[in-house]
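Hi,

Here is the structure I promised to pass on to you. Could you open it and keep it on screen while you read the rest of this email?

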Amino acid sequence: MNRVIRFYDYEQCFAHYTKRIMNIRQAKIHGEVIVAKPVLLLAIIDGIDGKVFIDNRFVINDWIERRYLMLMSKYAKPSKFDDLTGIEKPFWHMETDGFWHLQYPGESLSKGHTPSKGWLIENVSYAYLDDDLWFLLQNKEWRIKLRNYIVEHKLTDGNWFGKIAAEGVGAITALLFAA
């Protein structure tokens with residue numbers, strides 16, 4: 001079945017999904033926020049940008065796992081933990097955030113525990129995004145905006161300049177005159 005979208009509001013869609021992304025549930029272990037879900041989203045966006053993903057279907061494969069681990073090593077803070085969070089955790093748990101879905105050939109597993117990567121590869125046909133989010137990510141300008149939003153709001157600490165900028169131009173002006 002071919003679907004035709006005649007009217008689409010990118011700004012409204014972007015606002016909706018940035019709000020959803022800000023509200024994703026992220027584990028916190030020993031005071032450290034685990035960045036696995038935002039990193040998986042970046043890997044997906046990078047795959048769309050690089051034409052690795054041309055359909056709204058994502059499986060755990062060598063490309064996505066390499067990209068995910070590279071981004072995890074870039075954005076995960078030096079940790080008390082020896083290993084980076086494996087891709088199976090965000091791939092599985094992001095479904096609870098409402099815009100990432102898993103397609104099963106048979107029955108799904110309860111969300112009580114994280115299955116192994118091997119189990120996911122064998123028992124999940126693919127993951128997919130909401131159609132609206134997928135459509136937004138097909139537009140390069142909005143894809144870049146969403147990627148930058150995720151990095152800025154979910155993966156960086158918001159250095160002193162970012163905090164000042166959030167307070168407005170008045171704070172920046174005051175700093176410049178004080179210097």
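This is a predicted model: local features need pLDDT of at least 70, side-chain atom pairs count only at pLDDT 80 or more; totals for chains, interfaces and linings use all residues.

Side-chain values use heavy atoms, with hydrogens and water left out.

**The whole chain**

The protein chain has 9 helices and 4 strands. Both are DSSP runs numbered from the N terminus (helices are H or I with at least four residues, strands are E with at least two).

Of the 179 residues, 36% count as buried. Buried means under 20% relative accessible area, exposed means over 50%, and partly exposed is in between (1.4 Å probe, protein chains only). The chain exposes about 11100 Å², and carbon and sulfur atoms supply 53% of that; the areas come from the Shrake-Rupley method with a 1.4 Å probe, and for residues only the protein chains shown count as cover.

Contact here means heavy atoms within 4.5 Å. Among contacts between residues at least 6 apart in sequence, 68% join residues at least 24 apart.

**Two helices that meet α7**

Look for helix α1 (residues 10-22): α1 and α7 pack at an angle of about 25°, with their axes 11 Å apart. That makes α1 roughly parallel to α7. Axes are lines fitted to C-alpha atoms, for helices over the stretch in contact, and angles run from 0 to 180 degrees between N-to-C directions. Angles under 35 degrees count as roughly parallel, over 145 as roughly antiparallel, 65 to 115 as roughly perpendicular, and the rest as oblique. On the α1 side the contact includes Tyr10, Phe14 and Ile21, and on the α7 side Trp142, Tyr149 and Ile150 are among the residues involved. By class, this contact has 8 nonpolar, 2 polar and 3 charged residues. (Ala, Val, Leu, Ile, Met, Phe, Trp, Tyr, Cys and Pro count as nonpolar, Asp, Glu, Lys and Arg as charged, and the others, Gly among them, as polar.)

Now find helix α3 (residues 62-75), whose axis comes within 12 Å of the axis of α7 (residues 140-155), crossing at roughly 45°. α3 and α7 are therefore oblique to each other. Arg67, Leu71 and Tyr75 of α3 meet Arg147, Val151 and Leu155 of α7. These residues split into 4 nonpolar, no polar and 2 charged.

Is Leu71 buried or exposed? Leu71, in helix α3, is buried, with a relative accessible area of 1%. Leaving out residues up to four places away in sequence, Leu71 touches Val39, Leu42, Ala43, Asp46 and Arg147. Lys51 has a positive phi of about 65° although it is not a glycine, and at 63% relative accessibility it counts as exposed.

Last, His113 is in the loop between β3 (100-103) and α5 (117-123). At 46% relative accessibility, His113 counts as partly exposed.

Cheers

Technical notes. Residues are numbered from 1 along each chain as its sequence is written.
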